[in-house]
Amino acid sequence: MIRLILRTQPSKAMIFLSPLLAITLTAVTAFFIFVFILTDIEVSSVFYALFVEPLIDIYYVSELLVKATPLIIIALGLSIGFRAGVWNIGAEGQYVIGGIAGSTVGLYFYDVEGFWLMPLMSLAAILGGMFYAGIAAFLRTKYQVNEILVTLMLTYVAVLFLSAMVQGPLRDPSGFNFPESRLFHDSALLPIIWQGTRVNVSLIIAIILSFVAWFGLKKHISGMQVKITGSAPRAAKFAGFDDKKTVWFSLLISGGLAGLAGLFEAAGPIGQLNPGLPQFYGFTAIIVAFLARLHPIAIIFSALLIALTYLGGENVQIYFNLPSSITNIFQGMLLFYFLACEILIKYKVVFIKTTGQRI
Amino acid sequence: MNEGLIIAIIIGISIASVPLIFAAIGELIVERSGVLNLGVEGMMIVGALAGFVVEFHTGNSFLAVLAALLAGMAIASIFAFLTQILLTNHVATGLALTIFGLGIAAFVGRGYTEVRIELIAEIHIPLLSDLPIVGPLLFSYNPLVYLALFVVFLVWWFLFKTKHGLILRAIGDNHDAAHAIGHKVVRYRVMAILFGGAMAGIGGAFLSLVQVPMWGENMTAGRGWIALGLVVFSSWQPFKVILGAVIFGGITVLQLHAQGFDIRISAQYLSMLPYLATIIILVSLRMRDKNKTNRTMPNCLGRIFHSTT
């Protein structure tokens with residue numbers, strides 16, 4: 001008989017070991033699933049394309065950084081809300097709206113060059129994302145409407161809005177009616193920091209933001225407030241922390257950051273506004289945040305790991321004609337295992353001899 | 001408007017609301033037991049695929065629906081194991097289930113995007129189905145439509161007229177107390193989660209077997225999430241699920257007809273309507289009576305149960 005006994009203190013060793021265990025289990029399970037499903041393809045070569053090649057080729061490494069950047073930025077914002085029990089599940093929507101808002105500014109000034117343009121676009125993107133998440137904050141604080149459902153519904157709306165925008169007002173006037181905007185001009189594009197690749201300045205911003213979040217959470221009172229409201233809502237109330245403020249704070253921060261990530265994607269790797277902007281980053285960032293156990297610095301590493309599943313997914317799509325949805329399978333499985341392994345931190349697993357008595 | 005169009009619209013609304021009824025009534029039981037499963041979208045898409053694949057290979061609709069039911073249960077069992085045995089966070093596990101379900105359905109279904117199947121036939125009762133107006137409106141639906149209504153009744157009867165239903169509600173409201181007087185909290189919750197998976201699976205199969213005779217990897221298009229909204233809308237009361245589903249079905253169908261009538265709004269804006277309506281309805285519900293919904297919400301919803309004895 002196996003029983004779970006609550007530990008008096010979380011196990012320090014398990015905090016580090018459990019994510020590694022989860023990753024190992026995911027890889028092993030994936031291997032067996034592939035052996036079972038892909039009878040006509042050499043499984044080891046699929047694995048090579050999935051996990052090894054993206055790490056040894058310089059092009060892939062640069063792409064890994066490109067993909068990790070939006071994940072870091074979005075996950076940072078989400079992790080703050082998740083600590084407080086505010087579930088912004090629709091970061092994808094705020095990402096899209098931020099992308100549209102920032103791009104609109106860039107396209108408006110399409111014949112003007114200037115160093116001020118990118119900050120202005122970023123500001124628009126942040127405000128756009130904040131506004132979009134703010135709707136959920138307003139409805140939750142005013143009418144107690146669940147923010148999970150609101151942010152999710154708004155994600156579907158945002159994707160449709162993007163489609164309407166690139167087919168309508170923001171469509172490239174000389175673009176043969178393709179549903180996409182003009183290509184951004186130089187001032188509206190993020191500067192490349194690694195020549196010959198698509199790695200741009202947003203990576204540096206993402207890393208800076210991680211450290212800012214880390215210090216903020218450690219030092220600042222609102223970080224404290226967010227932490228406590230999440231883990232002990234009643235205690236937080238007695239201490240005089242305002243639940244409504246926490247909801248607003250969490251959603252505005254995560255919305256703003258998601259919006260910024262949306263612009264960085266449009267003004268970075270894509271270089272225009274087109275329907276390919278939403279790439280599930282907003283949802284994947286949820287996994288990134290969990291995998292990092294909501295720790296701002298750990299988010300950088302978990303984002304790189306998840307970016308690997310994206311690249312691997314693209315790789316097997318090209319080489320073996322397998323759908324890129326393989327990425328989702330990995331990510332879902334990884335989160336399953338991760339959550340399951342978390343039990344080792346909070347609980348001690350003990351084996352008890354059954355004595356025949358029923359418990 | 002002529003009679004035929006009105007009948008067509010009413011039938012359209014019924015067809016559009018049935019997947020939501022199935023998914024929502026399953027989730028209603030789950031939430032009544034105190035569990036929040038956000039994996040409805042994932043369970044629906046897996047059911048849609050399983051039903052489609054079996055229908056394509058066997059041509060047997062009964063087997064297809066059964067396969068969807070079992071597929072929904074199978075994937076729900078992952079959620080049950082994680083949340084009930086390994087005590088994981090409900091929200092995170094549910095999300096993982098949705099992401100995993102979407103991925104596995106797209107992956108397994110990659111060879112089926114080009115093929116078509118025969119739609120499940122509507123029933124035809126001699127005499128009754130041939131009646132004017134009443135015939136098409138009451139006696140000529142797909143068998144699953146009647147099943148949906150029957151399941152809602154069954155759930156209501158189970159929850160409020162049986163001993164097990166009472167225990168399930170007690171567990172959802174206070175799992176510690178229910179445990180203390182000897183009820184098997186985990187067992188009831190696992191059963192509820194499996195039932196929820198089965199219903200979401202059938203709801204998904206209704207999409208791929210009845211609404212459109214094809215398979216597409218995003219064919220649920222957020223219906224699982226709307227079903228979650230419906231459960232809140234219903235205040236956890238089974239019959240109100242039907243009302244909510246009909247409202248959403250109505251909006252979906254009207255939006256499709258509006259696109260057909262060439263109203264001067266881009267199709268995208270019309271397609272936003274079901275999602276915006278979900279939000280608006282949830283808000284108006286709270287505006288009308290803030291306390292009522294809070295009172296009927298199961299107290300232990302989403303809380304983790306760990307017995308120390």
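These notebook entries record what I looked up in the predicted model shown above.

**Conventions.** I number residues from 1 along each chain as its sequence is written, and I letter chains from A and number ligands from 1 in the order in which they are written. As the model is predicted, local features need pLDDT of at least 70 and side-chain atom pairs count only at pLDDT 80 or more, while totals for chains, interfaces and linings use all residues.

**Entry 1: domains of chain A.** I looked up the domain assignment, whose bounds come from an automatic or database assignment. For chain A it gives domain 1 (1-38 + 323-354) and domain 2 (58-321). The centres of these two domains of chain A, taken over C-alpha atoms, are separated by 28 Å. I then looked up contacts, where two residues qualify if their C-beta atoms, placed from the backbone, lie within 7 Å. In chain A, 10 residues of domain 1 are in contact with 11 residues of domain 2. Helix α13 (residues 326-346) of chain A gives the most to the domain 1 side, with seven residues; helices are DSSP runs (H or I, at least four residues), numbered from the N terminus. By class, that side has seven nonpolar, three polar and no charged residues. Here Ala, Val, Leu, Ile, Met, Phe, Trp, Tyr, Cys and Pro count as nonpolar, Asp, Glu, Lys and Arg as charged, and the others, Gly among them, as polar.

**Entry 2: chain B against chain A.** I found 39 residues of chain B in contact with 35 residues of chain A. On the chain B side, α3 (61-85), α4 (90-108), α10 (223-233), α12 (267-271) and α13 (273-288) each supply at least two residues. The most come from α4(B), with 12 residues. I noted the division of this side into 25 nonpolar, 10 polar and four charged residues.

**Entry 3: helix α10(B).** Is this helix buried or exposed? I found 11 of the 11 residues of α10(B) buried (20 or more other C-beta atoms within 10 Å of the residue's own, C-beta atoms being placed from the backbone), so α10(B) is largely enclosed by the rest of the structure. Among them are Arg223(B), Trp225(B) and Phe233(B). Ser235(B), which follows α10(B), has a positive phi near 55°.

**Entry 4: α6(B) and α7(B).** I looked up how helix α6 (residues 143-161) of chain B packs with helix α7 (residues 163-173) of chain B: the angle is about 75° and the axes are 5 Å apart. Axes are lines fitted to C-alpha atoms over the stretch in contact, and angles run from 0 to 180 degrees between N-to-C directions. That makes α6(B) roughly perpendicular (65 to 115 degrees) to α7(B). Phe158(B), Leu159(B), Phe160(B) and Lys161(B) in α6(B) meet His164(B), Gly165(B), Leu168(B) and Arg169(B) in α7(B).

Terms used:
Buried ≥ 20, exposed ≤ 12 C-beta atoms within 10 Å, placed from the backbone. Parallel < 35°, antiparallel > 145°, perpendicular 65-115°, else oblique.
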